[in-house]
Amino acid sequence: MMKGKFQGENEIAINCSREKIWDILTDGSVLARWMRIVKHTTSKQECLDAVRSCDVEMNGKMGKVRERCVVFEEHKKIGWEMEYDTFGFSKMFSNYGFSF
């Protein structure tokens with residue numbers, strides 16, 4: 001369950017099946033292909049309580065994040081909360097997370 005306060009949303013239309021999108025979102029091995037800031041991840045198959053570490057680049061600065069999957073509703077919703085990062089987000093925001 002996401003603990004943080006909802007603060008915004010964004011929406012895009014994708015011309016493919018819900019199952020295909022779900023397969024991409026839950027296959028951690030392809031994360032760096034669609035999430036451009038991710039350069040490397042330990043993620044394999046996403047599931048509830050799975051933890052992944054990522055090397056990321058934001059505005060030309062390299063850093064690390066560790067995220068836990070806290071929402072997993074098959075073919076409906078998946079979400080992560082950040083447990084640690086070197087950018088300072090976890091110090092500025094409590095329960096920082098995102099979902100699809």
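Which residues does Leu 31 touch, not counting residues up to four places away in sequence? Leu 31 touches Val 38, Thr 41, Arg 52 and Cys 54, where contact means heavy atoms within 4.5 Å. This is a predicted model, in which local features need pLDDT of at least 70 and side-chain atom pairs count only at pLDDT 80 or more, while totals for chains, interfaces and linings use all residues. Residues are numbered from 1 along each chain as its sequence is written, and side-chain values use heavy atoms, with hydrogens and water left out.

Leu 31 belongs, together with Val 38, Cys 54, Val 56, Val 65, Met 82 and Phe 87, to the largest nonpolar core, which has seven residues in all. Apart from that core lies another, of five residues, among them Trp 22, Cys 69, Ile 78 and Trp 80. A nonpolar core is here a set of buried Ala, Val, Leu, Ile, Met, Phe, Trp, Tyr and Cys residues joined through side-chain atoms within 4.5 Å. In soluble globular proteins, nonpolar side chains tend to be buried together.

Thr 26 is found in helix H1 (residues 18–26); helices (H or I, at least four residues) and strands (E, at least two) are DSSP runs, numbered from the N terminus. Thr 26 counts as buried because its relative accessibility is 4%, the classes being buried under 20% relative accessible area, exposed over 50%, and partly exposed in between (1.4 Å probe, protein chains only). The side chain of Thr 26 reaches the backbone oxygen of Asp 23 at 3.5 Å, and, not counting residues up to four places away in sequence, Thr 26 touches Lys 44, Gln 45, Glu 46, Phe 72 and Ile 78.

Gln 45 is also one of the contacts of Ala 50, alongside Glu 67, Arg 68 and Cys 69, once neighbours within four places in sequence are left aside. Ala 50 sits in the loop between strand S1 (38–41) and strand S2 (51–58), and its relative accessible area of 15% is why Ala 50 is buried. Although Ala 50 and Arg 68 are 18 residues apart along the chain, their C-alpha atoms are separated by 5.7 Å.

Arg 68 itself lies in strand S3 (residues 61–73) and, at 26% relative accessibility, counts as partly exposed. Leaving aside neighbours within four places in sequence, Arg 68 is in contact with residues including Asp 49, Val 51, Trp 80 and Glu 83. The C-alpha atoms of Arg 68 and Ser 53, 15 residues apart along the chain, are separated by 9.0 Å.

Technical notes: A polar contact is a pair of N or O atoms within 3.5 Å; within protein, one must be able to donate a hydrogen and the other to accept it, and residues adjacent in sequence count only if both atoms are side-chain atoms.
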